[in-house]
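Notebook open, structure loaded. I'm starting with the strands, then moving on to helix packing and a chain contact.

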Amino acid sequence: MNYEPPRGSPIADARAPALAAQGGCKGAIRIANVVKIYGSEGAGVRAVDDCTFHVPAGKITVVVGPSGCGKTTLLNAIAGFHSITSGTIHLDDALLCGPGRPKADPGPDRIVVFQNGALFPWKTIVENVAFGPIVQGRLSRKAAFEKARMMLAETGLHNLETNYPGEISSGMRRRVEIARALMNDPKVLLLDEPYRALDSLTKSVMHEALLETFDRNRVTIFFITHDLEEAIFLGHHVVIMTTRPCRPKKILTVDIPHPRDYSVLTAKRFREYLDETVEAVHEEALKAFAAGERER
Amino acid sequence: MKESAFAGDMNVALAQGPTAVLAKPERGPGRLESSAYRMAQWLRSPRPYLMLIGFALFLGFWYLTVEVWKLPRFSQMPGPTAVITEWINPDPIYGLSLYSPEYYQHIWVSTRRVLIAFLLATATGVPLGLLLGWSLRFKEYVFPVFELLRPIPPLAWVPLAIIMFHGSETPIIFLTFLASFYATTLNTMLGVESIDVSFVRAAYCLGAKRRQVFWHVIVPGAMPFIFTGLQISVGVAWFSLVAGEMVSGQYGLGYLINTSYTMVQYPTMVIGMITLGIVGYVTSAAVRVLGNYLMQWRARELAMGAEA
Amino acid sequence: MQGAVGFAERAGHILLSARFWRGTLATAVFLLVWEAVARAGLVRVPAPSSALVTFNDLMRDPSFWFSWYLSTRRVFAGFLAAMLVGIPLGLGMAVSRILYGIVFPVFEVLRPIPPLAWVPAAIIFWPTQELSIMFVTFLGAFYTVVINVIDGAQTIDLRYYQAARSMGSSSWDIFRRIILPGTVPSIVVGATVGIGIAWAVVVAAEMISGGGSVGSMGGASGGGLGFFIWNSYVGGSYNQIVVGMISIGIAGYISSALLRKLGELVTPWLHEQ
């Protein structure tokens, strides 16, 4: 209730003109007054409440909140897996969902990388990566496979093409999954705690790989996590969420230039950002714990 | 899900940096070698010897109780030597052995019935199960009727099947089909329902249409359950076939068992039982092999899990 | 689970749901089509309405209920024997590698022989027909029970053993406090499936031994629902066949439901949510 939109921060203002043109990047998302109530109205659970913020194009925006706070609900609304109760979500001035259109259509302009990974276990790596263009009918099978091989080579994953996802490490699987997403030239990548199941050492490798990929493609990234360090390390912007109902509590612009590498973690600036936000996150974690929100 | 199995890979990834690649596992000759290796491993373990003890005990018990001690009740049963000598006798006492063409005719007739029923059940049960799992609306209409009929065991249909269908062949195939059909449909439906929703969502995200999601996600995703269902289906097919053949019909192993009982040709009866077991085992092994062939991703995944 | 209020509320929910009405509609359509097909003589089956009339008549016939009793007794005798033999055997095989190594291959060789193929052999071996039917019923449930017990014991999480060991448990403690309760859920599954098979087997065994095409096996002395069906077929009263089939369906359904309920009672930790 004591939410105060931080002034002066461009991303807090949903009415600000879309930053789509900036640097030729596309994929700005404007989330305005989004409410999501599960179950019947009145008696249902309010997962997201009056949530407003802006995901600028060509930037990494990280949403931080305790487990089960409702941030995945927001991601599902953007991706088109769930409807919203009220409010609007725009992608580059096109309405994704809003009044009269409660649910967005899922499509290859916004691709999700899932928490537990969703490479099809029954398709080889190269078949997985080539899947998008083939089902969309954008490329022939042959061309799609060629592009997929190039894409894999670019990320250093060649030689894995004929393997099945079950045969490679989970870290590799995450990277293949991102390659599969990038095959479609999406405007936005939606990452739902993709590194949650990894150990911290593999995670650090994954972070650098993700930043490398980002520098090459400059795709808008909407990243969900409950790990504050991960958020500050990766994000241009960090949105700290309140726990159920979920809405921005604090929005932080991380002024550390990209490309970043792991030396950032020990930098003074990084520590300062962490100090600035850790209190807010901890407060929400306590609230979530008290509310009996269990780890999902 | 099986993340823990790959904990070791972390070291590889770290040592070689973010562009690490995994060596391609050897295929082809490697597989042969490994099966020879596994054979040697097996022979070095106590398992084959325990198995021998098991069979020796089983056959010994049968032999001693029936043929040596001639215990009451047991003495009326055919003993193992009587069965085996009859089975391999070129000139069988009761007219049926490995050398008589009639023996193979019984096997063939039964196998053909099972095969027809199994194929029919697969052709109808798999699509029905896929639809039941895929469309909630369809399930809401059809499943209650399915569940209404399912508690009636297929074998209780015997007389009705005889009345409903002409001849002696169709009723038996119908009974066999019915049992298989339930198993296949139910497992296929469970298979679709077991698919992680993330796979479906990922496919939609990547621009797949509903029909493509069905073919690229639902069908392969349900495959492991479908094949479990098909294995059960073969098993229950033999199960009900025997009852059908015993009650009505001419030829077939169930018929053979029943007639040799009434004509007091007990060794032949046991030959029929053993043959039934062997043929049943072979058919279900064939389904398993086919399943492994069609789901190589799964076999390779499991092999990885075992090594890691 | 809050008594009558909760029940009434749940019943109300079911009555209001579209799902319930769709199911009811589909069932009604199914019965109507069956009725029409039977009346038109397209397939030689008795119509549901005439079967219902026969059912109503049979309700007052004590011999019909006696068939119920006979079949139920055989099913439960065979089933209980299968549990009594199968659970210890399965647990033994799960605990002892030697026992597993000796028994399991023999078990696997015998398993593909369908239980009904044993009917004649059982009749030869057992002194009474009653015992031979019970034996075949036992076989039907036995394999499933054993397989489920072994499977359940083998899939218990290794960490439970390690935890128990580190807390100083003896082997007996581990068996009693981990293996036994850890196997109970799959015993319940095995029992539920097993009793279903037992019903399927008993019906066929009664038909084959009591009144199959070979009249020489005991004649009409067998009784039971399977025999009831077969006798109705031989006597040409086709309505009774349908009644018998439905009776077996109901009996099997009730037995499975009872076992499931019992299973929920013995595995409270699985149903907390």
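Predicted model: local features only at pLDDT ≥ 70, side-chain atom pairs only at ≥ 80, totals over all residues.

Looked up E1(A) first: E1(A) and strand E2 (residues 45–55) of chain A pair in the antiparallel sense, with 7 bridges. Here strands (E, at least two residues) and helices (H or I, at least four) are DSSP runs numbered from the N terminus, and pairing takes at least two DSSP bridges. I checked one partner: Lys36(A) bridges to Val48(A) in E2(A).

E1 (residues 29–38) of chain A also runs antiparallel to strand E4 (residues 86–91) of chain A, joined by 5 bridges. Arg30(A) sits opposite His90(A) in E4(A).

Residues are numbered from 1 along each chain as its sequence is written, and chains are lettered from A and ligands numbered from 1 in the order written.

Next, chain C. At what angle do H3(C) and H11(C) pack? I get about 75 degrees, with the axes 8 Å apart, for H3 (residues 48–58) and H11 (residues 238–266) of chain C. That makes the two roughly perpendicular (65 to 115 degrees; axes are fitted to C-alpha atoms over the stretch in contact, angles run from 0 to 180 degrees between N-to-C directions). Among the residues meeting there are Phe55(C) in H3(C) and Val243(C) in H11(C) (contact: backbone-placed C-beta atoms within 7 Å).

Last, the B–C contact: 48 residues from chain B and 46 from chain C. H3(B) gives the largest share of chain B's side, 8 residues.

Conventions:
Parallel < 35°, antiparallel > 145°, perpendicular 65-115°, else oblique. Contact = placed C-beta atoms within 7 Å.
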